[in-house]
Amino acid sequence: MTESALPVFDMHPYLWGNPQTPGELPAAAGELLSALGAVAPPAAVDIADAVLPASTLPAAALDALVAAVGADHVRFDHDARVRHTGGFSTPDLIKLRTGDGSAAPDAVVFPADHDEVLAVLAACSVHHVAVVPFSGGTSVVGGLTAARGGFTGVIALDPRRLDRLVSLDEVSRTAVLQPGLRGVRAEALLDERGYTLGHFPQSYEAATIGGYAAARSAGQSSAGYGRFDEMVETLTLATPRGTLTLGTAPKSGAGPDLRQLVLGSEGAFGVITSVTVRVHPKPVSRIFEGWRFEDFAAGSAAMRALVQDGPLPTVVRLSDEAETSVNLADPTAAGSAGTGGCLMITGYEGTPAQTAVLRAGATELLLAHGAESLGEGPGEKWRTGRYRGPYLRDQLLDVGGLVETLETATYWSNIERLKAAVTEALQASLGANGNQSLVLCHISHVYAAGASLYFTVLTTADPDPVAQWGAAKAAANAAIRSCGATISHHHGVGTDHRDTYAEEIGPLGVGILRAVKAELDPEGIMNPGVLVAPGLVA
């Protein structure tokens, strides 16, 4: 099935993915956790039984929201509130699984267009109500829970009614998309016209265009199509102060590029209501294949050669020895390459002529770097199963496992040092109480100067898994900063990375963000506590 043919669905608040096709834990994984001493926690609480706080939204604020969008589009029932509670970080999930809905908004508002978004933000400014922009709800860094202190209430602003492909410019090859449009639906609409966006993150089944932009998303085909922030030509931002429209030409020498202040701002400055993005002719040829390298160093050297010297495949991904042995490309199999080493996946998309040229050039380079061809089998397994990995987390939690991910990026010369430091920090923290842990790593986003590192962690859960992961995450964050790497390549800042991000950009950088927020959001209502610490915005 191609990406444009995937179904559109609403996720369960604490179960990842399509409810019609839940994950199934391989027996070997359950047996491994049992051998490590995992103890199954109490069964997850039904969302209907989650305990939500009483709404604090003043009547006058509710009246103003109804006036802005209509009574049918303001909901404060239990189901709407719990379905807009937090994201998919481990703390978010565990709290909801245990019935803790304390982070629920007081109401959920569904504006239909840019003007209604402006009206909602104006009303919330007047009544001092915090606003959490909430579309796909896939944040894994605590980006969807507002700091309530000092506000009369909190609403979730859901842009799902802004869900159109507004226009397609086939001469410039750009498309205007609205923020509530699911990535799956955007791809289907473009496919009908013969185009693709080419943006396929792990969260593709549920994420939205607005989320892609607000979180500076990176898709699994970033080597060929680029990150989402690189695709954006123009954007429109609704703020409590009014409308900000940015981007008038493909490139400009007129001052700093203010689009970059909005991309990655995670709802802290306003609500993105429209983006113009680059699109590409949909590929008619797709080839995915697997390669084996003796070790991670050899594989990463080959990746560096691909991106620095070319030709660069559309998709290139390298699993380390641990991830290769567990085989996240095919969770039902025991191993990827069969004889150890590291698995690389390469993918080529385009016309038959384009893919043939790319594949031939990349094959020559990889063989020269000592790669062993595994054929198209591993590549196709990865391509068809690439969105299934996160489904296993729910089943692992059910049997007493704790599984989480984190990512970073650095320069090629620092890759090995960073990987070792983060792995050691995670193992030391998670092993403090005698727990054994498995730390997996892969590279899936590459640049001429460097690459990302993406870690997956599996261990047995402590009685307080939220505190357990909090300590491990803090240790990993410290290791990342000690190596001079960025705190996030594509997951974003949220609240989990906020303090470390402040260290990364320094006091003057934080001051710039606070100044922008003070100008666009003087009452500080936009996603308070995310990106910058709560409190005075100026």
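## A guided tour, pocket to loop

Begin at the second largest pocket, which has a volume of about 490 Å³. Of the 30 residues that line this pocket, select Asp 10, Ser 135, Asp 158, Arg 160 and Arg 182, the closest to its centre. On a 1 Å grid over the protein atoms alone, a pocket is an open set of points with protein on both sides within 12 Å along at least five of seven lines, whereas a cavity is a set of points where a 1.4 Å probe fits but cannot get out; lining residues have an atom within 4 Å of a point. Grid points are joined across faces, edges and corners, and a volume is the space filled by probe spheres set on the points.

Before you move on, a word about what is on your screen. This is a predicted model, in which local features need pLDDT of at least 70 and side-chain atom pairs count only at pLDDT 80 or more, while totals for chains, interfaces and linings use all residues. Residues are numbered from 1 along each chain as its sequence is written, and side-chain values use heavy atoms, with hydrogens and water left out.

Still at the pocket, colour the lining by class: 11 residues are nonpolar, 10 polar and 9 charged. (Ala, Val, Leu, Ile, Met, Phe, Trp, Tyr, Cys and Pro count as nonpolar, Asp, Glu, Lys and Arg as charged, and the others, Gly among them, as polar.) Now select residues 78-82, helix H3, which gives the largest share of this lining, 3 residues.

**The whole chain**

Zoom out. The chain has 18 helices and 18 strands; these are DSSP runs numbered from the N terminus, with helices (H or I) of at least four residues and strands (E) of at least two. Along its principal axes, the C-alpha trace spans about 70 × 60 × 45 Å. A compact globule of 538 residues would have a radius of gyration near 24 Å, and the 23 Å of this chain agrees with that. The radius is taken over C-alpha atoms, and the globule rule is 2.2 Å times the number of residues to the power 0.38.

**A sheet of 4 strands**

Next, show the open sheet with the order S1-S2-S4-S3, where the pairing is mixed. Its edge strands, S1 (74-75) and S3 (129-133), each pair on one side only. Two strands pair if DSSP finds at least two bridges between them. Select 107-109 and 153-157: these are S2 and S4, parallel partners over 3 bridges. Here Val 108 stands opposite Ala 156 in S4.

Contact means heavy atoms within 4.5 Å. Axes are lines fitted to C-alpha atoms, for helices over the stretch in contact, and angles run from 0 to 180 degrees between N-to-C directions.

Which other strands does H5 lie across? H5 also lies across S8, S9 and S10, running at about 40 degrees to S8. These strands belong to an open antiparallel sheet of 5 strands with the order S5-S6-S10-S8-S9. At its edges are S5 (165-169) and S9 (242-246), each pairing on one side only. Neighbouring strands of this sheet are turned by 10 degrees against each other on average, direction ignored.

Select S8 (232-239) and S10 (271-278), an antiparallel pair over 6 bridges, and find Thr 236 opposite Ser 274 in S10. On to S9: S8 and S9 are antiparallel over 5 bridges, and they form a hairpin with 2 residues between them. Look there for Ala 238, opposite Thr 243 in S9.

**The largest cavity**

How many cavities of 30 Å³ or more are there? The count comes to 3. The largest cavity has a volume of about 60 Å³. To see its lining, select Val 140, Val 141, Glu 404, Thr 405, Leu 406, Trp 469, Lys 473, His 491, Asp 496 and His 497. By class, this lining divides into 4 nonpolar, 3 polar and 3 charged residues. Strand S16 (401-411) and helix H17 (465-482) each supply at least two of the lining residues, and S16 gives the largest share, 3 residues.

**Two backbone stops**

Most residues other than glycine have a negative phi, and most peptide bonds are trans. Arg 173, in the loop between S5 and S6 (174-177), has a positive phi of about 55 degrees although it is not a glycine. Finally, select Gly 310 and Pro 311: the peptide bond between them is cis, with omega near 0 degrees. Pro 311 sits in the loop between helix H11 (296-309) and strand S13 (315-319).
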